[in-house]
Every structure is written in structure tokens, then in C-alpha cells.
Amino acid sequence: MLHLHAALAERERKVISERTIAALAAAKARGQVLGNPRLADARAIANANHSAGADAFADSVAPAIREAQAAGAKTLRQIAAALNGRGIGTARGGKWEATTVANVLRRIG
């Protein structure tokens, strides 16, 4: 008897799951926005703030990068070595790598 109840409960869970998935798919097909719209707004604001901070950091290290290039640093690795040699940290305080320099150069154009 207990086994029968467990099997029926398991089947009911599966049916509920299938109905929920179908209902969400139908709502999405009707164009209804799913999820919390406030979270989407908060995410957009956070992304904008993050980009603004990254742009500001890139602008602050651009003169040092230009100086390294003027001093003869031609590759990304050479620029990274020059920045590390001058004790300039990355945005998070780490060591410069070629990829980090490339990302900053992409930001400053």
C-alpha cells in the first residue's frame, strides 16, 4: 500500500512539472515577460555602473600605456611588463598580462 502511494505521488510530481513547463512556454509564446522586471532593471544599472568604472580605469592608465609605447614597448607583453615595472596595478590590484593590456586598449580606442 505504501509503495502504491509513493508511486502515485511521484507520478503527480511529474505531471505538475510538465503542466508548469507547458504553461510557462505558452505564456512566453504570448509575449508575456517572465521573471521579476525589477531584477532586469537592476542588472542593467549594475552593468552600466561596471562599464563606467572600467572606462574610468582605462582612461586613468592610458597615459602610462602611451608612455610605455613611446619608450619602445611594442607588444602587449612589453607594455604589461612596463606597467608592472612601474608598480601600476590592474583595476583589481593584480599584475598586468597581455590580455589585460589588450582589454584596456580596446576600451580607450
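**Salt bridges, helix packing and surface features**

The side chains of Asp 55 and Arg 107 meet in a salt bridge with an N to O distance of 2.6 Å, a salt bridge being a side-chain nitrogen of Lys or Arg within 4 Å of a carboxyl oxygen of Asp or Glu. The pair links distant parts of the chain, with Asp 55 in helix H2 and Arg 107 in helix H4 (residues 98–108), 52 residues apart; helices (H or I, at least four residues) are DSSP runs numbered from the N terminus. The model is a predicted one, in which local features need pLDDT of at least 70 and side-chain atom pairs count only at pLDDT 80 or more, whereas totals for chains, interfaces and linings use all residues. Residues are numbered from 1 along each chain as its sequence is written, and side-chain values use heavy atoms, with hydrogens and water left out.

By the salt-bridge rule the count comes to three. Asp 55 is partly exposed, with a relative accessible area of 34%, and Arg 107 is likewise partly exposed, at 40%, where buried means under 20% relative accessible area, exposed over 50% and partly exposed in between (1.4 Å probe, protein chains only). Glu 67 forms a salt bridge with Arg 86, the closest N and O atoms being 2.9 Å apart. This pair also links distant parts of the chain, since Glu 67 lies in helix H2 and Arg 86 in the loop between H3 and H4, 19 residues apart. Glu 67 counts as partly exposed at 47% relative accessibility. A salt bridge also joins the side chains of Arg 19 and Glu 12 (3.8 Å, N to O); Arg 19 is partly exposed at 48%, and Glu 12 is partly exposed at 41%.

Helix H2 (residues 37–70) and helix H3 (residues 76–85) pack at an angle of about 115°, with their axes 9 Å apart; axes are lines fitted to C-alpha atoms, for helices over the stretch in contact, and angles run from 0 to 180 degrees between N-to-C directions. The contact (heavy atoms within 4.5 Å) is made by Ala 64, Ile 65, Ala 68 and Gln 69 of H2 and by Ile 79, Ala 82 and Leu 83 of H3. Gly 72 lies in the loop between H2 and H3 and is partly exposed, with a relative accessible area of 37%.

In helix H1 (residues 2–29), which contains Leu 8, Leu 8 is exposed, with a relative accessible area of 52%. Arg 13 lies in helix H1 too and is exposed, at 54%. Arg 13 and Gln 78 are 65 residues apart in sequence and 60 Å apart in space, C-alpha to C-alpha.

Notes: Helices (H or I, at least four residues) and strands (E, at least two) are DSSP runs, numbered from the N terminus.
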